Amino acid sequence: MQRLNKARGFTLLEVLVASVIMISSIAAITLVYRTNFVAAEQAEKHVSIAGIVKLALNQIQQTIRAKSADNPTQLQGANTFWGVEVSWQARQVEIGHAPAVYDFDLGKEVEPPNKYKLWKVDVQFTKQGTTQEYSYHEVSWNEY
């Protein structure tokens, strides 16, 4: 009697199925890792920008208040804080004065001179290709 030896090992089909499953698993893990890495990079840039917003807005406010006495209708500027580029433009929206007051010497209401200016400020923060834009209003005044 002759015994047939049974083949031991894996068939080609089993090896191919196992390879497809392994490659799919590696691709899925790589995709998840890459997505998390990109999200972490973006978050780091946004945190860097958020960290200097208050400092930049204070500088813009001081610049607007210092230069508004020269009666410009538009102002602009740019600076870099810790790798974040800041550029801004301000446009005068309104100029006005306090409410009229009664002058006893003249016997009538007198409107004070124009003292305050309302500015619309557009600011752009950029770090390594990531940009955030803000718009707000700023007030300046003149002492006459």
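Visitor: What does the secondary structure of the chain come to?
Guide: The chain comes to 1 helix and 6 strands, where helices (H or I, at least four residues) and strands (E, at least two) are DSSP runs that are numbered from the N terminus. This is a predicted model, in which local features need pLDDT of at least 70 and side-chain atom pairs count only at pLDDT 80 or more, while totals for chains, interfaces and linings use all residues. Residues are numbered from 1 along each chain as its sequence is written, and side-chain values use heavy atoms, with hydrogens and water left out.

Visitor: And in what order do the elements run?
Guide: Starting at the N terminus, the order is α-β-β-β-β-β-β.

Visitor: What radius of gyration does the chain have?
Guide: The chain has 33 Å, whereas a compact globule of 144 residues would have a value near 15 Å; the radius is taken over C-alpha atoms, and the globule rule is 2.2 Å times the number of residues to the power 0.38. Taken along the principal axes, the box that the C-alpha atoms fill is roughly 135 × 25 × 20 Å.

Visitor: How much of the chain is buried?
Guide: Of the 144 residues, 21% count as buried, and the cut-offs are under 20% relative accessible area for buried, over 50% for exposed, and partly exposed in between, with a 1.4 Å probe and protein chains only. The chain exposes about 11,100 Å², of which carbon and sulfur atoms supply 58%; these areas come from the Shrake-Rupley method with a 1.4 Å probe, and for residues only the protein chains shown count as cover.

Visitor: OK, on to the strands. How many bridges join strand 1 to strand 2?
Guide: There are 8 bridges between strand 1 (residues 74-81) and strand 2 (residues 84-96), and the two run antiparallel; two strands pair if DSSP finds at least two bridges between them. Within this pairing, Leu75 stands opposite Ala90 in strand 2.

Visitor: What sits in the loop between strand 1 and strand 2?
Guide: Trp82 is found in that loop, and the hairpin has 2 residues between its strands. The phi of Trp82 is near 50°, which is a positive value in a residue other than glycine.

Visitor: Is Trp82 buried or exposed?
Guide: Trp82 counts as exposed, because its relative accessibility is 69%.

Visitor: How many bridges join strand 5 to strand 6?
Guide: There are 12, and the two strands run antiparallel. Strand 5 and strand 6 form a hairpin with 2 residues between them, and Gln128 in the turn has a positive phi of about 45°. Gln128 lies between strand 5 (116-127) and strand 6 (130-141), and it counts as exposed because its relative accessibility is 60%.

Visitor: Changing topic, where is Glu111?
Guide: Glu111 is in the loop between strand 4 (108-110) and strand 5, and it is exposed, with a relative accessible area of 56%. Leaving aside neighbours within four places in sequence, Glu111 is in contact with His97 and Ala100, where contact means heavy atoms within 4.5 Å. Glu111 and Val101 are 10 residues apart in sequence, and their C-alpha atoms are 6.5 Å apart in space.

Visitor: And how far apart in space are Thr11 and Trp88?
Guide: They are 68 Å apart, C-alpha to C-alpha, and 77 residues apart in sequence. Thr11 is in the segment before helix 1 (12-67), and it counts as partly exposed at 43% relative accessibility.

Visitor: Last one: how many positive and negative side chains are there?
Guide: The chain has 14 positive and 14 negative side chains, and the centres of the two sets lie 20 Å apart. Lys and Arg count as positive and Asp and Glu as negative, while His and the chain ends are not counted; the place of a charge is taken as NZ of Lys, CZ of Arg, CG of Asp or CD of Glu.
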